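Visitor: I have a structure to go through with you. Could we look at how its helices pack?

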Amino acid sequence: MPYKLNPEQSKAVLALDTQARSTHCIGRIGDWEELWGVRNDDGWLVPSAPDDIQYFPIWPHPDYAQMTADDRFPGNVPERIALNDFMTNWLPGLQNDGVKVGVFPNMEWTMWIMEPDDLLASLENEIAQYE
């Protein structure tokens with residue numbers, strides 16, 4: 001179950017620059033051990049950025065995922081991904097497929113694009129702080 005998100009908080013977080021949103025996202029994912037992607041009946045959303053870079057967008061909360069996806073990709077709904085599953089299955093699969101990770105797109109769909117193995121290292125570093 002996701003943490004409680006209030007409108008003032010979400011507006012302030014969405015206004016952060018891409019690097020600050022990325023840091024916030026990785027911290028929240030580590031705290032709650034879950035993240036969110038969006039999908040529709042055809043599968044998970046994996047858009048292409050300029051230069052034909054495919055990326056898998058992730059968010060720390062379903063409300064962020066829904067509000068940002070609604071504008072550009074209507075018909076998609078947030079779906080929870082357990083952190084352990086993401087780290088052990090998703091990130092290696094994305095790496096093998098040559099798909100990057102778009103960390104925390106905002107309303108303008110600006111985001112920090114990361115290689116899956118770099119995100120894995122960042123998540124492992126975040127989790128190590130709790131041990």
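Visitor: Which residues of helix 3 are buried?
Guide: In helix 3 (residues 62-72), the buried ones are Pro62, Tyr64, Ala65, Thr68 and Ala69. Buried means under 20% relative accessible area and exposed over 50%, with partly exposed in between (1.4 Å probe, protein chains only). Helices (H or I, at least four residues) and strands (E, at least two) are DSSP runs, numbered from the N terminus.

Visitor: Where do they fall, seen down the axis?
Guide: They fall within an arc of 155°, so they line one face of helix 3. The arc is taken over the directions from the helix axis to the C-beta atoms.

Visitor: And what covers them?
Guide: The cover includes helix 1 (7-14), strand 1 (34-40) and strand 5 (77-82), where contact means heavy atoms within 4.5 Å.

Visitor: How was this model made, and what was counted?
Guide: The model is predicted: local features need pLDDT of at least 70, side-chain atom pairs count only at pLDDT 80 or more, and totals for chains, interfaces and linings use all residues. Residues are numbered from 1 along each chain as its sequence is written, and side-chain values use heavy atoms, leaving out hydrogens and water.

Visitor: Back to helix 1. Which residues are buried there?
Guide: Ser10, Val13 and Leu14 are buried in helix 1. They cover an arc of only 95° around the axis, which puts them on the same side of helix 1.

Visitor: Which residues are exposed on the other side?
Guide: Glu8 and Lys11 are exposed there.

Visitor: What do the buried residues of helix 1 pack against?
Guide: They pack against helix 2 and helix 3.
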